[in-house]
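Follow the paragraphs below with the sequence and the model side by side.

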Amino acid sequence: MNINKVSVIGLGYIGLPTAAILSNSKIVTCGIDVDNDVVDTVNNGDIHITEPGLKKIVQNSVESGYLKAYLKPKSSDIYIITVPTPLNHDNSPDITYVEDAIKNIASVLNKSNLIIIESTSPVGTSKKMSRILKKLRPDLTFPHEDSNEIDINIAYCPERVIPGNTLNELVSNDRVIGGITDECSNKASKFYSKFINGKCHKTNAETAELSKLAENSFRDVNIAFANELSMICDENNINPWELIEIANKHPRVNILQPGPGVGGHCIAVDPWFIVANSNVAKIIRQSRETNLYKTEYVFKKLSREIKHIMSKKEVNAEKISVAFFGIAFKANIDDLRGSPAIEIVKKTIESFGCNILIVEPNIQELPNDIKNSSNLVSVSDAIDNCDIAISLVDHKEFTSINKLDFNEKILIDSKGIWN
Ligand code: SAJ
């Protein structure tokens, strides 16, 4: 298969790094995005997301001419779809962005093109897209058809990179290659082998689709176990982090870390893709609910302490300062999407209207929905001025804080950093 040009459709947290890696490997890459600002930003050699090392590669690739962004798809040999698949209000998967991307490339498809879907998708999506394309391009044959000669190959190859280490993991992680036919898998596998060091594991499209959902659900279930344990520990006045450390000394036990809930745009979302289409996914559903409940549980703990000070000192909530340590969705990143910490901050603003101090070393400005009701402060200002301090993210900047600096202030340590 000759690869003269690759199009990456959707220049977000996965698409842009993928386009950067491809163009950096001297493959002519078209980055396609519906957002004019994103297209302009990339064509100026800049980036609109935060990911270590990404800006430099994009800049080099744009300067060398291997990467260019467009609003509309360009005729290419390979199309990689990396658009978001969010949740609908009823927690069912919304795959309209994938459908739109597929419809947009239909008119530029040519014989022997390969389409790779990387977006997290419910089981059956790849074949569904193949059927949609057939309706739009009856002149071509697609892999869901019972035909000896297939013109267009389609494979589902989920992205599996961790935000913050995307560029390394894009190259070093193994890939799951789920072709609709074996030939689709072979072609996709050959393509990835050109720029990744990890192994390509070939399977069918449905297994690949479910594997991505299974990986993130596995993590969600295991975090739910840790979160449930932390609440059981509270009932028994036991330190959950000490308990987990001790239990993990067992050679076959590896309990994850509890926290204020699960954030981000993957682990808190993907399990619903299984639940929405299954009658038997009980543990997966319960784990999602347990992790959502943990956010509520931490907020209730904080509420009790605020009310306690209000009645003890006979003051209104506005006189009470609460310092929130961390609002990103996890440690050492600036990504606030789906952050349980932000949920807790918002609930505190809505329910009490306390003086809100936020310590978030990874951002320069607070998000719009909380910036008028809270202040971004330094670690030392927060320690000096708060009545209650609550840890919500275990950023590296917080681990060196000495618990004694808080004197008599109330501490709620949802991440176990002030043990
Ligand atoms: N968390 C805990 N306790 C833990 C570990 C994590 O509460 O012990 C929380 C984090 O604080 C965060 C959330 O879980 O709020 C998710 O963080 P994460 O680091 O587990 O995962 P993500 O969402 O950054 O990335 C995941 C990864 N999937 C797996 O590890 C199975 C990544 O490889 C995927 O590519 C990514 O989802 C994705 O895009 O699907």
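In this predicted model, α8 (205-235), α9 (240-247), α11 (282-313) and β13 (410-413) each give at least two residues to the lining of the second largest pocket. Helices (H or I, at least four residues) and strands (E, at least two) are DSSP runs, numbered from the N terminus. The model is predicted, and local features need pLDDT of at least 70, side-chain atom pairs count only at pLDDT 80 or more, while totals for chains, interfaces and linings use all residues. Residues are numbered from 1 along each chain as its sequence is written, and side-chain values use heavy atoms, without hydrogens and water.

The lining of this second largest pocket has 23 residues, and D234, P240, W241, K301 and D413 lie nearest its centre. A pocket here is an open set of points on a 1 Å grid over the protein atoms alone where a 1.4 Å probe fits, with protein on both sides within 12 Å along at least five of seven lines; lining residues have an atom within 4 Å of a point. Helix α11 supplies six residues, the largest share of the lining.

Now turn to helix α4 (residues 96-106) and helix α5 (residues 125-136), which pack at about 35° with their axes 10 Å apart. Axes are lines fitted to C-alpha atoms, for helices over the stretch in contact, and angles run from 0 to 180 degrees between N-to-C directions. In α4, V98, E99, I102, K103 and A106 meet residues of α5, including T125, K128 and M129; contact means heavy atoms within 4.5 Å.

In total, the protein has 15 helices and 13 strands. Its C-alpha atoms fill a box of roughly 80 × 50 × 40 Å, taken along the principal axes.
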